[in-house]
Structures are given as structure tokens and as C-alpha cells.
Amino acid sequence: RVSRRKAAKPVIVIDPGHGGHDSGAMKYGTVEKDVVLSFSLKLQEKLLATDYYKVVMTRDTDVFLPLHERREIAERNSAALFIAIHADYTERASARGATIYSLRPNVAATLRRAAAARGETDLTTREVAPLKRADASGGELSTVRGILAEKARDLIEINSQRTSVLARSLVNYVGTSTNLMENPDRNAAFAVLKTAKVPAILLELGYVTNLQDAAQLKSDRWRDRVAASLVTAINKFVSECRVIDCR
């Protein structure tokens with residue numbers, strides 16, 4: 001069970017993929033933008049029912065948002081978790097099941113270096129001036145910039161570890177409620193995952209190109225069952241990572 005505190009609730013950002021003019025994958029009468037929105041609204045409902053979380057939706061209607069705006073919503077809200085919801089497509093009709101994606105390690109390393117570089121230059125002109133006056137040699141200014149760079153690297157490393165914990169939790173619990181693709185815990189370089197500031201996961205619910213998956217994606221009963229298992233996985237993640245204490 002997740003223990004509650006009177007402090008602000010952890011923020012979960014749910015990102016239903018596609019929307020508006022971008023329909024996403026389509027097959028067998030199943031339209032990705034519609035089924036992922038329906039699932040995301042069900043997940044929001046179940047998360048709010050726990051009274052443990054604040055839930056932010058990147059979209060809750062049929063609108064389009066650029067990928068960078070979706071990431072920025074999570075970052076602005078200091079999210080404990082960003083979870084993008086999608087449905088998959090393949091020419092192989094036999095392929096079916098859910099897949100969990102997190103950021104490729106080499107891409108995460110690049111973000112870590114970039115964030116460290118930004119940390120060194122994050123001081124504003126107003127902050128720099130008194131440091132320069134106090135330390136003409138620039139030693140103190142250099143120290144502060146170094147501390148910021150180290151904090152930036154540490155934050156990304158911590159978020160990377162948390163993302164790994166979440167991916168394992170999703171495999172364990174979501175796998176009890178729906179089919180999983182072979183080797184479901186995977187890495188990718190999806191643009192929506194390229195955030196250095198929050199743990200981020202992309203969940204492919206199933207394949208619209210598989211008759212059984214396509215039918216499930218449109219089933220209220222299936223959505224209810226899978227969303228419940230996802231909430232259990234998120235609760236486990238919060239408990240293990242103590243994200244309530246590090247919003």
C-alpha cells in the first residue's frame with residue numbers, strides 16, 4: 001500500500017498518443033488515437049480514485065499536440081511519472097501483446113551530458129554578478145556551476161533507475177491482465193521519451209493489426225482490467241522509489 005502524506009500528491013502525467021489530424025495506426029475499425037484516449041481516461045479515473053495522486057492529461061479530447069509539448073507538460077508539473085499510451089502496428093498479423101518502452105541507454109547518456117552542460121550555464125546574470133564581485137578569481141562561480149552540473153547528472157541517473165523499476169513493475173502486473181509481446185521490456189529512442197527531468201515510459205497496449213488485440217482495444221471490460229493492473233504497477237513503483245518524497 002502507498003502511504004499518504006499531507007504534502008502535495010505525486011503528479012502522474014498521462015499522454016494519450018496522436019489526436020486531431022494525426023489518427024495514428026488504423027486497422028479492423030480500430031483507430032489508435034481513439035482507443036488510447038479511451039484507455040487513458042479510464043486510467044485517469046482509477047488513479048484519481050486512489051486519492052494518492054494528482055493526474056495531468058496531455059489531452060483529454062481529440063486534439064493534436066506536438067511531441068515536445070507533451071514532454072514539457074510533464075517537466076513543468078515536476079511529474080513523478082510520465083506515461084505515454086499508444087497502440088502498435090506491424091505487417092505481421094500474428095504479432096500481438098503489450099510492450100513497454102523506456103529510453104535507450106545511449107540516448108539517456110547524451111541527455112545526461114547535455115543536462116550537465118546546461119547546469120553549468122543555468123546561473124542568471126543577476127545570480128552571477130554578486131558571485132563575481134565576491135570572488136574576483138571566479139573560483140566560487142566555477143564551484144557553483146560545477147555543483148549545478150553534478151546535480152543535473154545525478155537527476156538523470158536517478159530518473160533512469162526509477163524508469164527501470166517502473167518498467168519491471170509494468171511487466172509484472174500488466175502481464176497479469178493482458179497479453180505481452182515477447183521480451184516486452186524494451187528500449188527505444190522515441191521523441192516523447194527524451195526528457196531528462198522525469199521518469200518516462202511508453203506503453204504500447206497492443207497491435208491494431210491483430211484481430212484479437214484490435215477487439216480488446218475497443219473493449220470497456222478489457223480497458224478496465226488493464227487500467228487496474230497499471231494502477232497496481234504504479235503503486236508498486238511509488239512505494240519502491242519513494243517518489244512521494246522526491247517530487
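Two exercises with worked solutions follow.

This is a predicted model, in which local features need pLDDT of at least 70 and side-chain atom pairs count only at pLDDT 80 or more, while totals for chains, interfaces and linings use all residues. Residues are numbered from 1 along each chain as its sequence is written, and side-chain values use heavy atoms, with hydrogens and water left out.

**Exercise 1.** State the strand order of the open sheet and find which strands stand at its edges.

*Solution.*
1. The protein has seven helices and eight strands (DSSP runs: H or I of at least four residues for helices, E of at least two for strands, numbered from the N terminus).
2. Six strands form the open sheet in the order β4-β1-β5-β8-β6-β7, and the pairing is mixed (two strands pair if DSSP finds at least two bridges between them).
3. β4 (54–57) and β7 (180–188) each have a single partner strand, so one side of each lacks a neighbour in the sheet; these are the edges.
4. Within the sheet, β5 (residues 81–88) and β8 (residues 200–207) run parallel, joined by six bridges. A84 stands opposite L202 in β8.

**Exercise 2.** Locate S102, decide whether S102 is buried or exposed, and list its contacts beyond four places in sequence.

*Solution.*
1. S102 lies in strand β6 (residues 98–103).
2. The relative accessible area of S102 is 9%, so S102 is buried (buried is under 20%, exposed over 50%, partly exposed in between; 1.4 Å probe, protein chains only).
3. Setting aside neighbours within four places, S102 contacts T163, R186, N187, A188, L193, A200 and I201 (contact: heavy atoms within 4.5 Å).
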